[in-house]
Amino acid sequence: MNILDKYTEIMQKEAKLKASTANDQNAQCLPLERPQQIYNITKRIMEITRNSTILRSGNITGRLTKESMAFESDGAHTNLVRSLVKYALDLHYGWGNSTPEYYRSEIDEAITIHDLPENITGDIPDNRDRNEAEKIRLENEYFDKFMNTYTSSEFLHCQKVRKLLLEMQEKSSFEGRILYVADKISAVLMMLYYDSIGLYPSIAPDDPRLAKISHQEKKFCEVLQDGTILLSELWTIDFLYGRSIVQYDDTGFFLAVLILATLYTRGEWYDWREMQYL
């Protein structure tokens, strides 16, 4: 069975699962009809993911490092989120078209600045152990100050950008949920890319940083020879099952990309997910 046949079979199962858990047969809103197009988009996305590891020559020329590759920075993450959102919106509204609520430039600006508060705080692990209320307070404080750097003629656009960032935090609008899910799925895609080049980022199941992750979720993961589990699989479990972030994927686009990227990298889907279909 080729990758597109596998993808189509899995998406059909996902659609049935979504319909059954939502108790609504109309919930089967998943992109089942365009497998080749989704596959081509996924190939582009994985090339953009790969680009996050290409080290700029000035780092070597300036004797900042002797490494041959870079690891993902916040800026590289933002670039990947931007690409994911662009392709999701292009597929839904047409190339470059705005949504009913936002200009594409407003959406792009929200993505550009969404992680700038981490210039101050650093990237705090999203492992269910962080103080979400405090994180949001610090982000909002940063955004309020940052908005003062725009001109008065940009005021209305800035209000829309600020509103979208709030909707991203609260997952309270179609556009906000697209940004939220793109932000989460980008981390999985980055780990899958590292797997594909033989780096295999992993963690011990009893690591204190996983204290808030359920025992069941960790048991789903394949245990490597050194006793660790892959972050790519653990975070996929979080996306599909643990916190079920997939519930905020209104169009199914990000789920489709995740499935194809996993098949592209691993050559197969996860047994624990197949069991959930049953």
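Accessible areas given here come from the Shrake-Rupley method with a 1.4 Å probe.

**Figure 1. Overall fold and surface of the predicted model.** The accessible surface of the protein comes to about 14,700 Å², and carbon and sulfur atoms hold 51% of that area. Its secondary structure consists of 13 helices and two strands. With a radius of gyration of 19 Å, close to the 19 Å that the globule rule gives for 278 residues, the protein is as compact as a globular protein of that length. Taken along the principal axes, the box filled by the C-alpha atoms is roughly 55 × 50 × 35 Å.

**Figure 2. Helix α12, residues 253–266.** This helix has 14 residues and reaches 20 Å from its first C-alpha to its last, close to the 20 Å expected at 1.5 Å a residue. Eleven of the 14 residues are buried, so α12 is largely enclosed by the rest of the structure. The buried residues include F253, F254, L255 and A256, as well as T262 and L263. After the helix comes G267, whose phi is positive, near 85°.

**Figure 3. A nonpolar patch on the surface, formed by F71, I197 and L199.** Together the three residues F71, I197 and L199 have about 290 Å² of accessible area. L199 is placed in the loop between α9 (174–196) and β1 (202–203). Because its relative accessibility is 41%, L199 counts as partly exposed, a class that lies between buried, under 20%, and exposed, over 50%.

Terms used: Residues are numbered from 1 along each chain as its sequence is written. This is a predicted model: local features need pLDDT of at least 70, side-chain atom pairs count only at pLDDT 80 or more; totals for chains, interfaces and linings use all residues. Side-chain values use heavy atoms; hydrogens and water are left out. Patches are made of residues with over 30% relative accessible area and no salt bridge: like charges are joined within 9 Å, nonpolar side chains (Val, Leu, Ile, Met, Phe, Trp, Tyr) within 5 Å. A salt bridge is a side-chain nitrogen of Lys or Arg within 4 Å of a carboxyl oxygen of Asp or Glu. Helices (H or I, at least four residues) and strands (E, at least two) are DSSP runs, numbered from the N terminus. Buried means under 20% relative accessible area, exposed over 50%, partly exposed in between (1.4 Å probe, protein chains only). The expected span of a helix is 1.5 Å times one less than its number of residues. The radius of gyration is taken over C-alpha atoms; the globule rule is 2.2 Å times the number of residues to the power 0.38.
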